[in-house]
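These are my notebook entries on a single protein chain.

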Amino acid sequence: YWLSTTSYYKCKKCGFRTSLKSGTVMENSKLPFSYWYMAFMLATGTKKSFSALEIQRQIDHKFYEPIWAMMHKIRIVMGKRDAEYKLYDHVEMDEGFFVTTVPAEKDQYGNKLPKKRIRPGKGSPRTATVLVMTESTPNPANINKYRPNRAVKHIKMIYVDDNKAITLNPEIEKAIDKKAHVITDGANHYGQLKSIIPSHEAVKMTFEKPDKILPWVHKTISNAKRNFLGIHHSIGKPYTQNYLNEFCWKFNRRYNGFDLFDRIVNTAVRYEWAA
């Protein structure tokens, strides 16, 4: 990992030093190479996210926009890496609805118009629909009554335009193995799911059952919302998937510890930044 000093960053593993004001830049980027390494270090140094504004403060860069773009490029490759894996065994699935910001409207002269009050909720322009899938296997050895009787492995969260079957089914087919056993609620848009995943169990929900039938889906949605609200405060709807990529990438590697820095460097050089 990197040790900060007044003039350079030093890696304790190999002793390599890099200056904060180094003229060496990343390919297709005007930012110094050391900025990228610091972003990798900060992004993987905590379980939660780092906002682009905090990264800018830590790097001590004058402008916010280049740092914001750099962080989104990192989140894009995180998503490309996780997209190569599928979910197996038992899978819980449901949709989450995230409140996002709406770009300001402008008149013909480019002046911003007064903001309209838009209520959040399903179908609102402010709401992003997210398909949430979690590998969840029975855990009969659990003796803690406050924990679910299921153990979570890996998760996927995919931003979709709506929750219709014609929109969800292609994403489900790419994300879940056909031999998996999928548990959902009894919503109508899951009616055609058996054509993709033969082992599909639809459970009719009541107000008491969701946390018992789909415990890890609801925990994942709650934790992601809390993370976005506490760290980023608000997220733009077109960039929702990038923030979800980072959340899932970190969750799926929660037991890797200090290896996360090496993993994100390997991922960054393996995939292209472009979405």
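Predicted model: local features only at pLDDT ≥ 70, side-chain atom pairs only at ≥ 80, totals over all residues.

Residues are numbered from 1 along each chain as its sequence is written, and side-chain values use heavy atoms, with hydrogens and water left out.

**Entry 1: the cores**

I looked up Ile-55 and set aside its neighbours within four places in sequence; Ile-55 is then in contact with Leu-42, Phe-50, Ile-67, Met-70 and Met-71. I next turned to nonpolar cores, a core being a set of buried Ala, Val, Leu, Ile, Met, Phe, Trp, Tyr and Cys residues joined through side-chain atoms within 4.5 Å. Buried means under 20% relative accessible area, exposed over 50%, and partly exposed in between, with a 1.4 Å probe and protein chains only.

The largest nonpolar core has 27 residues, and those with the most contacts inside it are Phe-40, Ile-55, Met-70 and Ile-74. Helices α1, α2 (52–59), α3 and α8 (259–270) each supply at least two residues of this core. The largest share, eight residues, comes from α1. Apart from this core lies another, of 20 residues, among them Phe-98, Met-157, Val-203 and Ile-235. For the element names I recorded that helices (H or I, at least four residues) and strands (E, at least two) are DSSP runs, numbered from the N terminus.

**Entry 2: α1 with α3**

Two packed helices are described by the angle between their axes and the distance between the axes. Axes are lines fitted to C-alpha atoms, for helices over the stretch in contact, and angles run from 0 to 180 degrees between N-to-C directions. Helix α1 (residues 33–44) and helix α3 (residues 65–82) pack at about 60°, with their axes 11 Å apart. That makes α1 oblique to α3; angles under 35 degrees count as roughly parallel, over 145 as roughly antiparallel, 65 to 115 as roughly perpendicular and the rest as oblique.

Which residues of α1 and α3 meet? I found Tyr-35, Trp-36, Ala-39, Phe-40 and Ala-43 in α1 against Ile-67, Met-70, Met-71, Lys-73 and Ile-74 in α3.

**Entry 3: α6 with α7**

Helix α6 (residues 215–232) and helix α7 (residues 240–252) pack at about 115°, with their axes 11 Å apart. The two helices are therefore roughly perpendicular to each other. The contact is made by Thr-220, Asn-223, Ala-224, Asn-227, Phe-228 and His-232 of α6 and Tyr-243, Leu-244 and Phe-247 of α7.

I then followed Thr-220, which lies in helix α6. Is Thr-220 buried or exposed? At 3% relative accessibility, Thr-220 counts as buried. Not counting residues up to four places away in sequence, Thr-220 touches Val-132, Thr-134, Ile-155, Met-157 and Phe-247.

**Entry 4: two positive phi values**

Most residues other than glycine have a negative phi. I noted that Asp-89, although not a glycine, has a positive phi of about 60°. Asp-89 is in the loop between α3 and β4 (90–99), and with a relative accessible area of 43% Asp-89 is partly exposed. His-233 is not a glycine either, and has a positive phi of about 70°. I placed His-233 in the loop between α6 and α7; at 60% relative accessibility, His-233 counts as exposed.

Conventions
Contact = heavy atoms within 4.5 Å.
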